[in-house]
Amino acid sequence: MASVSNGLEPIVRIHKGYRYEDGIADIRQLQGRYGCLRRVEVGKSVLGKSIDALVLGSGEECVHVNASVHANEWITTPLLLRFIEELAAELESSSGRGEAGRLTEGLLDRITLWAVPMANPDGINLSQDGLWPECPYREHLLSWNSGVEDFSRWKANIRGVDLNDQFPAGWEEERARRSTGGPAPQDYGGSAPLSEPEAAALASLTRRLGFSRVASLHTQGREIYWNYRDLEPDGSEALADRLAQASGYRAVKLTGSDAGYKDWFISEFRRPGFTIEAGVGVNPLPAGQFEAIYGEIKPLLTEFIRG
């Protein structure tokens with residue numbers, strides 16, 4: 001039976017799937033178990049669902065990780081929540097001694113982690129459960145999905161906007177490259193940058209706190225993207241190589257891609273930003289891969305927050 005560093009069974013588990021309601025329930029339980037964990041609402045989705053940040057640490061340097069920007073990549077939400085759970089368990093149980101203290105000893109006095117586990121809560125549920133009778137976009141969504149009621153390949157938000165094509169970094173170039181003229185399961189960047197509340201929430205949080213580095217969890221491919229139009233600072237590639245060494249993933253210098261969260265962060269702040277493509281297969285990755293993928297993601301995120 002799996003356990004976290006304090007010997008307790010983990011709160012964050014995954015069975016058949018993982019929905020917005022599962023994330024909210026897990027966040028409440030995590031807060032009940034770990035007094036060091038703080039929840040901050042940073043925005044709301046199109047349908048009014050809370051977009052939450054979990055905050056851990058007390059250092060002046062703020063770092064950020066987000067997950068489930070793409071709806072059918074929902075497995076990244078419990079991956080990030082499990083990492084937060086283990087960080088919190090180590091922080092409260094280790095007192096900086098022994099194996100359990102290796103990660104948190106002094107680190108969370110130096111940095112504060114701001115994690116947004118569910119950036120696209122409406123899409124997470126849509127991609128797993130499909131349409132529900134009172135859905136306000138029901139007829140539109142069926143049309144945008146080519147009349148198919150299976151939404152398991154859906155990446156966008158509830159309005160058919162791909163949130164990782166929403167950021168003001170080469171937005172016009174990405175729109176021309178994608179050639180997607182309207183709402184769709186993926187690749188439509190919206191009517192303007194940051195038109196969607198979910199993307200706007202991430203941008204607002206980032207601008208307010210001025211993170212020293214960011215990472216966005218996606219699936220799949222076991223790759224780490226670390227550059228953007230040669231605007232990334234010195235040291236970005238070296239840190240990407242360390243993340244790759246820790247996880248067994250491959251650090252990739254990506255070209256021909258714009259308007260993603262990582263792209264915008266590098267462009268606006270000239271600080272290190274990373275897109276992490278976790279796992280391998282066809283999205284949505286099956287729940288049965290969760291523990292194996294987490295075994296790769298934990299050392300990667302550990303190295304990332306160490307910086």
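Is C36 buried, exposed or partly exposed? At 25% relative accessibility, C36 comes out as partly exposed, where buried means under 20% relative accessible area, exposed over 50%, and partly exposed in between, using a 1.4 Å probe and protein chains only.

Thanks for coming, everyone. Please keep in mind that this is a predicted model, where local features need pLDDT of at least 70 and side-chain atom pairs count only at pLDDT 80 or more, while totals for chains, interfaces and linings use all residues. Residues are numbered from 1 along each chain as its sequence is written, and side-chain values use heavy atoms, with hydrogens and water left out.

C62 is buried, at a relative accessible area of 15%. How many disulfides are there? The count is zero, a disulfide being a pair of cysteine sulfur atoms within 2.5 Å. For C36, the closest cysteine sulfur is in C62, and at 16 Å that is too far for a bond.

Now to A119. You'll find A119 in the loop between strand 4 (111-116) and helix 4 (121-129); helices (H or I, at least four residues) and strands (E, at least two) are DSSP runs, numbered from the N terminus. A119 is buried, with a relative accessible area of 1%. Leaving aside residues up to four places away in sequence, A119 touches I51, A67, S68, V69, L163, E198 and L202, with contact meaning heavy atoms within 4.5 Å. P133 is 14 residues from A119 along the chain, and their C-alpha atoms are separated by 24 Å.

The axes of helix 7 (residues 197-209) and helix 9 (residues 261-269) come within 12 Å and cross at roughly 30°; axes are lines fitted to C-alpha atoms, for helices over the stretch in contact, and angles run from 0 to 180 degrees between N-to-C directions. So helix 7 is roughly parallel to helix 9, as angles under 35 degrees count as roughly parallel, over 145 as roughly antiparallel, 65 to 115 as roughly perpendicular and the rest as oblique. On the helix 7 side the contact is made by L202, A203, T206 and R207, and on the helix 9 side by Y261, W264, F265, E268 and F269.

One last residue, and then I'm done. R82 lies in helix 2 (residues 76-94). Is R82 buried or exposed? R82 is buried, at 3% relative accessible area. Beyond residues up to four places away in sequence, R82 touches P10, V12, R13, F290, E291 and Y294.
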